[in-house]
Amino acid sequence: MREKLVAYLMIFIVVPIAGELKFYPTEGDIRVSLGTPVFFFFLLFSRKIHPILSGLLAGVAVVLFRIFLYGIQFDSFQFHDAFYLYFPVFFYYLIFAILFHLFKVNSWHEKPFFIGLFGAIIEIIASIAEIICRYFTSHMPITVHTFVIIGGIAIIRSFFVLGFYNILIVRETRLAEEQQRKRNEQILLLISNLYVEMFQLKKSTKNAEELTSACYGLYRDLKGLHHNSAQTALKIAGQMHEIKKDNQRIYAGLSKLMVKENLSDYMDMKEIIEVIIIANKRYGEMLEKSIDYKVTILGAHPFYRTVILFSLINNLVSNAVEAINEKGNVELTVGRANEMIHIIVSDNGPGISEKNKPFIFEPGFTTKFDQMGIASNGIGLSYIKNVIENIGGELKLLDTDEINRTSFEILLPVASLTEREDDSFEISNCR
């Protein structure tokens with residue numbers, strides 16, 4: 001409601017002022033002003049306002065404003081004379097608005113040519129109505145030349161407004177697309193992390209089931225020996241069973257979310273890498289780090305399953321960003337050979353010490369600690385390695401000649417990332 005009132009107020013103020021920016025193309029009384037283009041633009045841009053009410057307001061405002069200026073200009077002001085001189089313009093704006101409403105011009109935004117055409121026709125008819133009205137009040141002559149000039153001016157003004165309007169619409173569309181792209185990047189980043197976490201959750205569920213079975217077997221053995229700890233073993237088995245069920249419920253909920261987000265989409269390798277670089281540039285800026293990125297994509301690549309590939313590469317790149325102290329570079333190289341994808345993520349951070357190299361893929365191992373000295377509990381290399389091996393790939397740490405250079409290589413079968421199959425996540429051992 002407030003937006004409508006503001007729009008009506010703008011029409012009431014701006015249109016009369018724009019109407020005074022004018023010129024006379026001929027020696028007669030025909031005038032060309034910016035009032036009509038401004039009014040036409042308001043009707044196109046503010047779709048929530050009613051055209052006829054806008055026409056009434058514009059007509060009244062223009063007549064009153066011109067009578068006011070007439071009174072300032074001439075000392076012997078006669079309201080009667082000024083009113084008869086200017087009131088025909090009221091019918092111009094009213095008829096313009098009525099025809100705009102009847103032709104439903106705002107429903108033709110997908111076909112802008114028709115908007116320009118209707119605008120020209122509407123302006124011609126409205127101008128003719130004003131001229132006829134002036135003929136009866138001031139006996140202004142009507143000639144063929146007058147109609148030709150009116151038609152030419154109407155066409156020029158109408159398509160001028162349409163061009164300006166389309167420029168604004170294109171700009172708004174690009175801004176909306178940019179916002180949507182950023183939102184998609186954020187969703188993809190979130191969902192990709194969920195994918196790897198889901199894999200670990202599935203693994204934990206399987207471990208919980210195995211422990212439940214082992215504890216129950218221990219309970220039966222202890223019960224057969226009439227041991228006092230038999231009930232304790234049974235209690236542990238029951239608790240592990242509840243943990244397994246909780247994990248399964250969380251896994252099922254996340255699976256539905258993943259399917260709902262259309263994660264079976266496929267993207268070009270270049271597009272996937274671009275999203276990863278953009279996301280990690282922002283991540284690096286958030287960490288107040290200056291990082292340069294170099295990307296090399298070799299060979300021809302089909303469209304890959306977005307979430308899986310994004311998850312794996314993004315986690316290695318984000319690890320590289322975290323490893324770099326304040327300033328550094330990250331290199332990403334993608335190649336393809338013998339139906340295998342080769343992906344190398346390299347950074348010039350502090351590197352991995354020789355004593356830590358044997359343990360970097362071990363579950364729970366981390367070298368990341370926050371300012372309070374608390375170890376990181378994010379997605380580790382062991383999780384990424386499990387996901388890669390689960391789809392028939394391999395993750396390994398490369399030996400590099402350059403000091404303090406860390407390079408990881410991912411080998412993935414093309415078939416596991418290109419097969420068009422149901423990407424929903426099956427829950428195993430849920431009975």
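The following dialogue reads selected features of a predicted model, from its overall make-up to single residues.

Visitor: How many helices and strands does the chain contain, and what share of its residues counts as buried?

Guide: This is a predicted model. The secondary structure comes to 12 helices and nine strands. Of the 431 residues, 39% count as buried. The accessible surface of the chain comes to about 25100 Å², and 59% of that area belongs to carbon and sulfur atoms.

Visitor: What share of the contacts with a separation of 6 or more joins residues 24 or more positions apart?

Guide: Such residues account for 73% of those contacts.

Visitor: Which residues are in contact with Leu309, leaving aside its neighbours within four places in sequence?

Guide: With those neighbours set aside, Leu309 is in contact with Met269, Ile272, Tyr304, Ile343, Leu412 and Leu417. Two of these partners, Ile343 and Leu412, are also listed among the residues with the most contacts inside the core.

Visitor: How are aromatic pairs to be read, and how many does a search of the whole structure find?

Guide: The search finds 20 aromatic pairs. Phe40 and Phe100 form one of them, with 6.2 Å centre to centre and 80° between the planes. That pair is edge-to-face because its angle is over the 60 degrees used as the cut-off. The pair links distant parts of the chain: Phe40 belongs to helix H2 (residues 35–45) and Phe100 to helix H5 (residues 88–102), 60 residues apart. Both Phe40 and Phe100 are buried.

Visitor: Which rings are linked with Phe40 and Phe100 into a cluster?

Guide: Ring pairs link Phe39, Phe40, Tyr92, Tyr93, Phe96 and Phe100 into a cluster. With a relative accessible area of 11%, Ser127 is buried.

Visitor: Where does a charged side chain lie over the face of a ring?

Guide: Lys385 lies over the face of Phe361, at 5.7 Å from the ring centre.

Visitor: How does one judge the span of a helix, taking H3 as the case?

Guide: The span from first to last C-alpha is set against the expected value. Helix H3 (residues 51–73) has 23 residues and reaches 32 Å, close to the 33 Å expected at 1.5 Å a residue. Its buried residues include Pro51, Gly55, Ala58, Val62, Arg66 and Tyr70. What covers the buried residues of H3 includes helix H1 (2–19), H2, helix H4 (79–86) and H5.

Visitor: Why does Arg66 count as buried?

Guide: Arg66, in helix H3, counts as buried because its relative accessible area is 6%, under the 20% cut-off. The C-alpha atoms of Arg66 and Tyr86 are separated by 7.0 Å, although the two are 20 residues apart along the chain.

Visitor: What is to be made of a positive phi, and where is Glu288 placed?

Guide: Most residues other than glycine have a negative phi. Glu288 has a positive phi of about 60° although it is not a glycine. Glu288 is placed in the loop between H9 and S4 and counts as exposed, at 71% relative accessibility. Glu339, in the loop between S6 and S7, also has a positive phi, near 60°.

Notes:
Residues numbered from 1 in each chain as written. Predicted model: local features only at pLDDT ≥ 70, side-chain atom pairs only at ≥ 80, totals over all residues. Heavy atoms only, no water. Phe/Tyr/Trp six-rings, centres within 6.5 Å; stacked < 30°, edge-to-face > 60°. Helix = DSSP H or I, 4+ residues; strand = E, 2+ residues; numbered from the N terminus. Buried < 20%, exposed > 50% of the residue type's maximum accessible area, 1.4 Å probe, protein only. Lys NZ or Arg CZ within 6 Å of the ring centre and 35° of its normal. Expected span 1.5 Å × (residues − 1). Contact = heavy atoms within 4.5 Å. Areas by Shrake-Rupley, 256 points an atom, 1.4 Å probe, with all protein chains shown as cover. Core = buried A, V, L, I, M, F, W, Y, C linked by side-chain atoms within 4.5 Å.
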